[in-house]
Amino acid sequence: MNVKAILEDKGRSVETIGPNETLAVAINRLAEHRIGALVVTNGDRKVIGIVSERDIVCAMNKYGAAALEQSVRHAMTAKVNLCTENHTINQVMEIMTTGRFRHLPVVKNGQLDGIVSIGDVVKKRIEEVEREAEEIIHYIWAG
């Protein structure tokens with residue numbers, strides 16, 4: 001099972017934001033779409049960062065309400081881990097666990113092609129385990 005299977009189920013749509021937008025705009029977008037992170041691009045689908053709820057909380061802690069008027073570039077995580085649709089579910093889980101983050105942009109030919117969240121990964125892994133259990137039960141009863 002790989003990232004491609006997740007994207008085929010959920011789609012490749014990704015909410016993005018420009019680095020010069022304010023954190024207030026980012027917060028509104030996160031709330032509007034009920035998501036936990038926005039991928040930061042310059043409009044060319046090339047990933048230059050990611051801004052998550054955690055990044056915003058850290059900025060608010062450091063700068064108070066003034067953080068809301070700061071640009072996304074000041075709060076975003078610029079060193080973004082990326083994956084491709086060929087990464088396995090286990091590889092993605094390891095990347096997220098090691099890096100302690102919940103969202104992983106997917107790139108193809110250097111451009112943003114989707115995003116997977118830890119929820120997407122867990123859902124797909126549970127489906128995989130349930131399918132394997134059904135196959136084992138069928139094997140036992142058929143044998």
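**View 1. Overview of the predicted chain.** Buried residues (under 20% relative accessible area, with exposed over 50% and partly exposed in between, for a 1.4 Å probe and protein chains only) make up 37% of the 143 residues in the protein chain. The model is predicted, so local features need pLDDT of at least 70 and side-chain atom pairs count only at pLDDT 80 or more, while totals for chains, interfaces and linings use all residues. Residues are numbered from 1 along each chain as its sequence is written, and side-chain values use heavy atoms, with hydrogens and water left out. The secondary structure comes to 6 helices and 5 strands; helices (H or I, at least four residues) and strands (E, at least two) are DSSP runs, numbered from the N terminus. Along the sequence, the pattern is α-β-α-β-β-α-α-α-β-β-α. The C-alpha atoms fill a box of roughly 70 × 30 × 25 Å, taken along the principal axes. Of the contacts (heavy atoms within 4.5 Å) with a separation of 6 or more, 57% are between residues 24 or more positions apart.

**View 2. The open sheet of β1, β2 and β3.** This sheet has 3 strands in the order β1-β2-β3, with mixed pairing; two strands pair if DSSP finds at least two bridges between them. β1 (16–17) and β3 (47–52) are the edge strands, each with a single partner, so one side of each has no neighbour in the sheet. Strands of a sheet pair through backbone hydrogen bonds, either parallel or antiparallel. β1 and β2 are parallel and share 2 bridges, with Thr 16 opposite Val 39 in β2. β2 and β3 run antiparallel and are joined by 5 bridges; here Val 40 stands opposite Gly 49 in β3.

**View 3. Strand β2 and its two sides.** In β2, 5 of the 5 residues are buried, so the strand is largely enclosed by the rest of the structure. Ala 37, Val 39 and Thr 41 point one way, and Leu 38 and Val 40 point the other way. In a regular strand the side chains alternate between the two faces of the sheet.

**View 4. The largest nonpolar core.** A nonpolar core is a set of buried Ala, Val, Leu, Ile, Met, Phe, Trp, Tyr and Cys residues joined through side-chain atoms within 4.5 Å. The largest one has 13 residues, of which Ile 17, Leu 23, Val 51 and Val 72 touch the most other members. Two or more residues each come from α2 (23–33), β2 (37–41), α3 (53–63) and α4 (72–75). The most come from α2, which gives 3 residues. Leaving aside neighbours within four places in sequence, Val 51 is in contact with Ile 17, Leu 23, Gly 36, Ala 37, Leu 38, Val 40, Ile 56, Val 72 and Met 76. A second, separate core has 12 residues, including Val 3, Cys 83, Ile 89 and Phe 101.

View 5. The buried residues of α1 include Val 3, Ala 5, Ile 6 and Leu 7. Among the elements that cover the buried residues of α1 are α5 (89–99), β4 (103–108), β5 (111–117) and α6. Just after α1, Gly 11 takes a positive phi of about 95°.

**View 6. The crossing of α1 and α6.** The axes of α1 (residues 3–10) and α6 (residues 118–142) come within 10 Å and cross at roughly 105°. Axes are lines fitted to C-alpha atoms, for helices over the stretch in contact, and angles run from 0 to 180 degrees between N-to-C directions. The two helices are therefore roughly perpendicular (65 to 115 degrees; under 35 counts as roughly parallel, over 145 as roughly antiparallel and the rest as oblique). Ala 5, Ile 6, Asp 9 and Lys 10 of α1 make the contact with Asp 120, Val 121, Lys 124 and Glu 127 of α6. These residues divide into 3 nonpolar, no polar and 5 charged; Ala, Val, Leu, Ile, Met, Phe, Trp, Tyr, Cys and Pro count as nonpolar, Asp, Glu, Lys and Arg as charged, and the others, Gly among them, as polar.

**View 7. The hairpin of β4 and β5.** These strands run antiparallel and are joined by 6 bridges, with His 103 opposite Ser 117 in β5. The hairpin has 2 residues between the strands, and Asn 109 takes a positive phi near 55°. In β5, 6 of the 7 residues are buried, so this strand is largely enclosed by the rest of the structure.
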